[in-house]
Amino acid sequence: DLSCDYQIPIIGKNPLQDYYSLQAGYRYTNNNDTRSDLTTFGVHRWKRRPDAWDRDVFVRLENERYEQGSDAGNSLLLIPGVAWSRLRLRGGLVPDWGDRQQLTLEFSDPTWGSDIRFMRAWGRTKWLRTLGDNNRFLLRAEQGAIVGDDFSLVPPSLSFFTGGDQTVRGYGYEDIAPRDADGQLLGGRYTTALSAEYNYRFSEKWLGALFVDGGTATDDYQEPWKIGTGVGVRWVTPIGQVRLDLAVGISEEDKPLRLHFALGPEL
């Protein structure tokens, strides 16, 4: 990935909270059955509010050349949209309370030069709560949907895949999605993912974890959900938690084991 972000303060406003942002980037993807060259340029109007909702109103131009399974295409899209996010946190390197909400709405229409018409909505919520001094509970829910004329023309960067350490552990990164007649992955029109995790704090720097994740990326919710469950360990460092999880994909006949590694904040 290559990206740049140039921020322009608004006169008379707090430059850390109210500003314009010019963003440009290039991303090459070669993952599973997806091959994609994506070039983007966007103008964003940010309004950030500590302990409240941040808002990003944007217009993004993107060109994507792709191969998805046996399909190939080249899409040019002008996408206006708006995103809201909020993070609330309490308690140092191992927070004892917090939550994060994210919601994005995006639109495309031939009226303003896009190749296709659609509306894309995606949202995620995460919750952290504690019981006593050592018992922590983390809950996560994610939902996405695309509504439009011809979903087959939506490029891979905008369609939905799931699986991996941020969604459904026990499965590979973005390895859950509809498949074509040859078994190759296709992006889904919808996605849903849920997770519940319990942490027990053994010491100041070490925690154990038990978790179960479930989710799907689908066109019609006819496929069974993929379920993963497992155990993990958390090591608290000055730059955040190091998380190591061993998960099994219990929805599969061969019950595959997969090791997941992550570094950074839980929310």
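Guide: Before we start, one term: contact means heavy atoms within 4.5 Å. Please also keep in mind that the model above is predicted.

Visitor: Thanks! Leaving out residues up to four places away in sequence, which residues does Leu128 touch?
Guide: Start by finding Leu128 in strand E7. We set aside residues up to four places away in sequence, and then list what Leu128 touches. That leaves Pro95, Asp96, Trp97, Gly98, Arg136, Phe137, Leu138, Glu266 and Leu267.

Visitor: Is Leu128 buried or exposed?
Guide: The cut-off to remember is that buried means under 20% relative accessible area. Leu128 has 0% relative accessibility, so this residue counts as buried.

Visitor: How many Å apart in space are Leu128 and Ala193?
Guide: Along the sequence, Leu128 and Ala193 are 65 residues apart. For the separation in space, we go from C-alpha to C-alpha, and the value is 17 Å.

Visitor: Glu266 was on that contact list of Leu128. With which residue does the side chain of Glu266 meet in a salt bridge of 2.8 Å?
Guide: Side chains of opposite charge can pair when their charged atoms come close. Glu266 lies in the segment after E13, and its partner sits in strand E8, 130 residues apart from it. Both residues of the pair are buried. The partner, at 2.8 Å from N to O, is Arg136.

Visitor: How many salt bridges does the structure hold?
Guide: The Glu266 and Arg136 pair is a salt bridge. Counting over the structure, the number of salt bridges is 21.

Visitor: Which strand holds Glu197, the residue whose side chain meets that of Arg169 in a salt bridge?
Guide: The side chains of Arg169 and Glu197 meet at 3.0 Å, N to O, and both residues are buried. Arg169 lies in the loop between E8 and E9, so the pair ties together parts that are 28 residues apart in sequence. The strand that holds Glu197 is E9.

Visitor: Arg234 also meets Glu197 in a salt bridge. How many residues apart in sequence are the parts that this pair ties together?
Guide: Here the side chains meet at 2.9 Å, N to O. Arg234 is buried, with a relative accessible area of 0%, while Glu197 is buried with a value of 10%. Arg234 belongs to strand E11 and Glu197 to strand E9, so the separation in sequence of the parts they tie together is 37 residues.

Visitor: Let's look at the second largest pocket. Which residues of its lining lie nearest its centre?
Guide: This pocket has about 370 Å³ of space. Strands E7, E8, E9, E12 and E13 each give two or more residues to its lining. Of the 22 lining residues, those nearest the centre are Lys126, Arg140, Gln166, Arg243 and Glu266.

Visitor: Which residue's side chain does a polar contact of 2.9 Å join to the side chain of Asp56?
Guide: Asp56 sits in strand E4. It is buried yet has no salt bridge, and the nearest side chain of opposite charge, Arg48, is 7.3 Å away. A salt bridge needs the charged atoms within 4 Å. The polar contact of 2.9 Å is instead with His44.

Visitor: What about Gln101: with which side chain does it make a polar contact of 3.2 Å?
Guide: Gln101 is in strand E6 and, at 11% relative accessibility, counts as buried. Its contacts include Trp53, Trp84 and Lys126. The polar contact of 3.2 Å joins the side chain of Gln101 to that of Thr125.

Visitor: Last one! What phi values do Asn32 and Lys255 have?
Guide: Asn32 is in the loop between strands E2 and E3, and Lys255 is in the loop between E12 and E13. Both count as partly exposed, Asn32 at 33% and Lys255 at 41%. Neither is a glycine, yet phi is positive: Asn32 is near 55 degrees, and Lys255 has about 45 degrees.

Conventions: Residues are numbered from 1 along each chain as its sequence is written. This is a predicted model: local features need pLDDT of at least 70, side-chain atom pairs count only at pLDDT 80 or more; totals for chains, interfaces and linings use all residues. Side-chain values use heavy atoms; hydrogens and water are left out. Helices (H or I, at least four residues) and strands (E, at least two) are DSSP runs, numbered from the N terminus. Buried means under 20% relative accessible area, exposed over 50%, partly exposed in between (1.4 Å probe, protein chains only). Lys and Arg count as positive and Asp and Glu as negative; His and the chain ends are not counted. A polar contact is a pair of N or O atoms within 3.5 Å; within protein, one must be able to donate a hydrogen and the other to accept it, and residues adjacent in sequence count only if both atoms are side-chain atoms. On a 1 Å grid over the protein atoms alone, a cavity is a set of points where a 1.4 Å probe fits but cannot get out, and a pocket is an open set with protein on both sides within 12 Å along at least five of seven lines; lining residues have an atom within 4 Å of a point. Grid points are joined across faces, edges and corners, and a volume is the space filled by probe spheres set on the points.
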